[in-house]
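Have the viewer open while you read.

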Amino acid sequence: MDINNLKIQVKTFFGLEQVLAEEIKKLGGKNVEVKNRAVTCEGDLGFLYKLNYSCRTALKILVPIMEFKAFNETKYYDKLYKFEWDQFLEPNQTFAIDATVNSERFSHSQFMTLKMKDAIVDYFQEKHKVRPNINKDNPDIKFHLHIDRELVSISLDSSGDPLFKRGYRKEQTVAPINEVLASGMLQLAGWDGKGNFLDPMCGSGTLLIEAAMIAMDLPAQTFRRNFAFQNWKNYDSELFKTIKEVRLNRVKEFTGKIVGYDIDYSALDAARANIESAEMEDVITVRNKNFFDSEKDMFPLLMVFNPPYDERISINDDDFYKKIGDTFKQHYPNTLAWLISADLDAPKKIGLRPSRKIKLFNGKLETRFLQYEMYDGSKKGKYMDKQS
């Protein structure tokens, strides 16, 4: 592994690839290329640490270490057995393998994972007379196996737990939004910390906390304790410490307001617990308030929210969305509002024409991220009270 010129693959959700690419470029990534649900780039070991620590829309960050073609299971095992695994794994370390298989020739991902595990263990048994152990829950080293037809790719997982696990979530509601998706939505909506922010159906507060982190330029993994790269043989603790210090020195004061409403007291309790865990009590305010009874009281204002989905939370769908549209029109003039919905007919029910529609996935649910621009009179006051 050339630590000065690493090939890096960064995984994300469908629809957030371009947002991720922009983040990677701003962090200093080279040769950035957009793929499906992923972005590839190049950088040194310090950049890999910075990417894990700071990137908001990354789910997992992989470093490819091996690629070959295999046309049968014997060739597959032989190639893996001959690889020098002790470059990356100590005999006394535990390991795990994640697998993605898209191949008619090798159709069973569990079997291919098992064969890879056998090849690694047999390699160490032969060379070091020691068998490293598997630990699926908390391995020291995590490998990622990807098979696309005959092409086999092996990568080191530098992240460990998926990067949506920021470390601040203590409580959650029935249908919390994924942190990476929340941050991606905010960036698509143009939130940059200038002006004020409202989530009128805030649930456990994920959008609020991610909005505050963006506004303050707080690194995405400020509250995370561990990354997989800290168990690598080439881990440079002083370099990682320096990178964290540099990123934290960039944190800035936020002078606007970030506010959340919800009608569910248990959701507000969860939001307050998470806000406290993220040390954001001075930045974020949550209130027991029904959005449909509210009026605009912050200028300028960006609104982003995740209304309850009927798949997971029972709502009177048609009436619910109609009320959203009515509240937009009657109580939120000169406001830019975005909402995400798994109901692909939501725009019709809202009764307003969205100015943008972006296809995203919330878990396995296909959704639309919808932008609404409310004007008071003419369109001259675009982006709503001259939000910049």
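Cys 202 is buried, at a relative accessible area of 5%, and Cys 41 is buried too, at 3%. Here buried means under 20% relative accessible area, exposed means over 50%, and partly exposed is in between, with a 1.4 Å probe and protein chains only. Before going further: this is a predicted model, in which local features need pLDDT of at least 70 and side-chain atom pairs count only at pLDDT 80 or more, while totals for chains, interfaces and linings use all residues. Residues are numbered from 1 along each chain as its sequence is written, and side-chain values use heavy atoms, with hydrogens and water left out.

Back to the cysteines. A disulfide is a covalent bond between the sulfur atoms of two cysteines. With the cut-off for a pair of cysteine sulfur atoms set at within 2.5 Å, a search of the whole structure turns up zero disulfides. For Cys 41, the nearest cysteine sulfur belongs to Cys 55 and is 8.8 Å away.

Now the domains. The bounds come from an automatic or database domain assignment, which gives domain 1 (6–157) and domain 2 (179–217 + 228–381). Their centres, taken over C-alpha atoms, are separated by 33 Å. Counting contact as heavy atoms within 4.5 Å, 33 residues of domain 1 are in contact with 26 residues of domain 2. The two domains bury about 2500 Å² between them, 68% of it on carbon and sulfur atoms; that is the accessible area (1.4 Å probe) that two parts lose on being put together, summed over both.

In the model, the end C-alpha atoms of residues 47–158 lie 12 Å apart, and the span is 34% helix and 29% strand. Helices (H or I, at least four residues) and strands (E, at least two) are DSSP runs, numbered from the N terminus.

What about the packing? A nonpolar core is a set of buried Ala, Val, Leu, Ile, Met, Phe, Trp, Tyr and Cys residues joined through side-chain atoms within 4.5 Å. The largest one has 53 residues, and those with the most contacts inside it are Leu 51, Tyr 76, Trp 85, Met 116, Phe 143 and Ile 154. Helix α4 (residues 109–128) gives the largest share of this core, seven residues. Domain 1 and domain 2 both give residues to this core, so it lies between them. Leaving out residues up to four places away in sequence, Tyr 76 touches Phe 68, Ala 70, Met 112, Lys 115, Met 116, Leu 145, Ile 147 and Val 152. There is also a second, separate core of 45 residues, which includes Leu 59, Leu 188, Ala 189 and Trp 191.

In α2 (residues 45–54), nine of the ten residues are buried, among them Leu 51 and Tyr 53. The buried residues of α2 pack against β1 (6–11), α1 (17–27), β3 (38–43), β4 (60–69) and α7 (237–248). In α6 (residues 206–216), eleven of eleven are buried, including Glu 210. The cover over the buried residues of α6 includes α5 (179–188), β8 (196–199), β9 (258–262), α8 (265–277), β10 (284–288) and β11 (301–305).

Finally, the backbone. Most residues other than glycine have a negative phi, and most peptide bonds are trans. The spots to look at are these:

| Where | Backbone value |
|---|---|
| Arg 37 | positive phi, about 60° |
| Lys 129 | positive phi, about 60° |
| Asp 217 | positive phi, about 60° |
| Phe 299 and Pro 300 | cis peptide bond, omega about -10° |

Arg 37 is found in the loop between β2 (30–35) and β3 and is partly exposed, at 36% relative accessible area. Lys 129 is in the loop between α4 and β6 (141–148) and counts as exposed, at 61%.
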